[in-house]
Amino acid sequence: NRMINVWNQYQCRITFNWARSASFYESGIGRGIGFRDSNQDCLWVLHVEPSSVKQRIIDLAKNQFKKGNSFHQYFPLTKAGDKSGYSDDHLWLIVSTTNYIKETGDFDFLKCRVPFADGGAATLYEHLMRAIGYSFKNCGRHGMPLLGYADWNDCLNNLGKEAESVWVAQFLCYATKELAILAKLISKEKDYSRLNKLYQKMRRIINRCAWDGSWYIRIFDHKSRPVGAKNCKEGGKIYLNTQSWAVLSEIADNPKAFKCMDAVKKNLATEHGIKLLAPAYKTFYPYIGAIGTFAPGLKENAGIFCHANPWAVIAETKLGRGNLAFSYYKRILPAARNAIAHIQKTEPYVYSQFIASDESPEFGRSRNSWLTGSASWNLVAASSYILGIRPDYKGLAIDPCIPKKWTYFKVKRVFRGAIYHIEVRNPEHVSSGIKSIAVDGKNISGNILPLFKPGTSHLVKVIMGRRGLNAR
């Protein structure tokens with residue numbers, strides 16, 4: 001209650017305003033505001049700051065090039081962009097925009113004309129389509145997106161021009177699937193069909209080339225050598241992100257999805273959270289990148305990256321494993337770590353960038369608090385996926401995945417101006433599955449709550465059960 005209602009939302013607001021530009025850990029002068037970061041920071045201020053998010057998305061889209069890629073960061077005062085070459089930046093524009101429309105219902109936003117960084121202008125929808133097109137056009141030997149300078153993991157940054165990122169391939173599938181749904185809703189049938197075909201093609205490539213038997217490989221370097229595979233000589237045999245995003249992007253069938261997330265539990269999960277990779281690199285390999293410059297168990301070198309942990313939480317809810325999802329959520333939850341404040345050593349009410357893992361002598365110590373994407377994604381994981389109250393284009397979706405011992409919870413959610421008082425009961429002690437939903441005393445079919453006039457208030461009663469809708 002304290003985290004979701006107060007501190008987590010407060011941190012999201014601060015992070016949205018300041019991004020990574022000024023804190024005890026960041027000087028801000030040299031790096032501006034990250035394109036990737038800012039799109040993600042939008043996710044959980046949407047319900048209170050939709051107009052600010054809308055303007056932020058426009059500002060970000062102005063830093064995209066005509067061919068579809070984007071600057072890595074920009075300076076909000078001058079609007080100037082800086083650096084490029086990252087393989088994932090431009091795709092995050094799809095995440096922020098689709099979530100904005102789900103929250104607000106503002107489909108007309110897609111018609112807004114936005115200039116490109118290198119001249120000319122197009123509708124926001126065209127910006128999104130070009131982002132997808134750029135990634136599909138720039139693929140390597142296996143048919144997966146080229147890594148470029150780096151992807152989300154900035155420290156995997158020296159693998160060569162022909163290196164391919166399996167994670168970007170998965171993220172591309174996620175973004176393509178989201179954009180396909182949106183295209184269908186706005187009657188862009190040709191785009192819908194094309195995007196679906198592209199999604200299926202990349203899905204097949206990933207499963208054919210990057211499945212290592214128990215988990216997904218992270219990267220293929222410029223010589224097609226795998227990074228994040230069982231046969232890697234030292235360090236990084238398994239990476240977290242390609243397992244969680246295999247589930248988030250739905251490229252993994254059920255056997256692979258459960259198997260790769262079981263591998264996360266076995267190889268990466270610790271009492272203080274989930275490591276980004278294992279084992280840590282104990283040797284600096286120049287051809288891999290800066291990751292080996294960190295001590296084992298810190299930062300990207302097998303640290304517990306709090307930004308990536310909620311992706312594993314969301315993956316477990318999609319598999320229906322509410323007990324494990326909530327356990328992962330609590331392991332890095334600041335308010336749940338007060339008993340170990342002498343180990344934690346950061347503020348007891350905000351997320352940090354990372355926690356030292358069991359491969360470090362400072363296991364459990366947190367660092368780089370406040371300005372981190374951890375804030376937004378942990379709130380998304382808790383509210384939209386554990387509690388399962390999730391904005392959708394057609395209304396508010398109800399799809400909880402909770403610990404089996406929970407019998408009841410209630411949430412007040414303001415959505416498109418209407419107030420929903422939601423009471424969820426779990427008499428059969430299940431993690432997922434909805435037997436019935438009643439809105440103002442009347443049962444509805446499906447799990448999408450109807451839209452109501454702004455200012456009105458409505459009572460929603462949800463009963464969970466084993467044979468219910470969305471049981472997993």
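**Exercise 1. Find the cavities of the structure and describe the lining of the largest one.**

Step 1. A search of the whole structure, which is a predicted model, finds one cavity of 30 Å³ or more. On a 1 Å grid over the protein atoms alone, a cavity is a set of points where a 1.4 Å probe fits but cannot get out, and lining residues have an atom within 4 Å of a point. Residues are numbered from 1 along each chain as its sequence is written, and side-chain values use heavy atoms, without hydrogens and water. Local features need pLDDT of at least 70 and side-chain atom pairs count only at pLDDT 80 or more, while totals for chains, interfaces and linings use all residues of this predicted model.

Step 2. The volume of the largest cavity is about 30 Å³, taken as the space filled by probe spheres set on the points, with grid points joined across faces, edges and corners.

Step 3. C306, I332, P334, Q344, V350, Y351, S352, I355 and S366 line the largest cavity. This lining divides into six nonpolar, three polar and no charged residues (nonpolar: Ala, Val, Leu, Ile, Met, Phe, Trp, Tyr, Cys and Pro; charged: Asp, Glu, Lys and Arg; polar: the others, Gly among them).

**Exercise 2. Characterise the largest pocket by volume, lining and contributing elements.**

Step 1. The largest pocket has a volume of about 1,100 Å³; a pocket is an open set with protein on both sides within 12 Å along at least five of seven lines.

Step 2. Its lining holds 40 residues, and E178, E250, K318, Y385 and R390 lie nearest the centre. By class there are 21 nonpolar, seven polar and twelve charged residues in the lining of the largest pocket.

Step 3. The elements that supply at least two lining residues each include α4 (92-104), α8 (241-248), α10 (309-318) and β16 (389-392). Helices (H or I, at least four residues) and strands (E, at least two) are DSSP runs, numbered from the N terminus. The largest share, five residues, comes from α6.

**Exercise 3. E250 lies nearest the pocket centre together with other residues; describe its backbone and its salt bridge.**

Step 1. E250 sits in the loop between α8 and α9. Its phi is positive, about 60 degrees, although E250 is not a glycine. Most residues other than glycine have a negative phi.

Step 2. E250 pairs with K318 in a salt bridge, with the closest N and O atoms 3.2 Å apart (a side-chain nitrogen of Lys or Arg within 4 Å of a carboxyl oxygen of Asp or Glu). The pair links distant parts of the chain, since K318 is in helix α10 and the two residues are 68 residues apart.

Step 3. E250 is partly exposed because its relative accessibility is 35%, and K318 is partly exposed because its value is 31%. Buried means under 20% relative accessible area, exposed over 50%, and partly exposed in between (1.4 Å probe, protein chains only).
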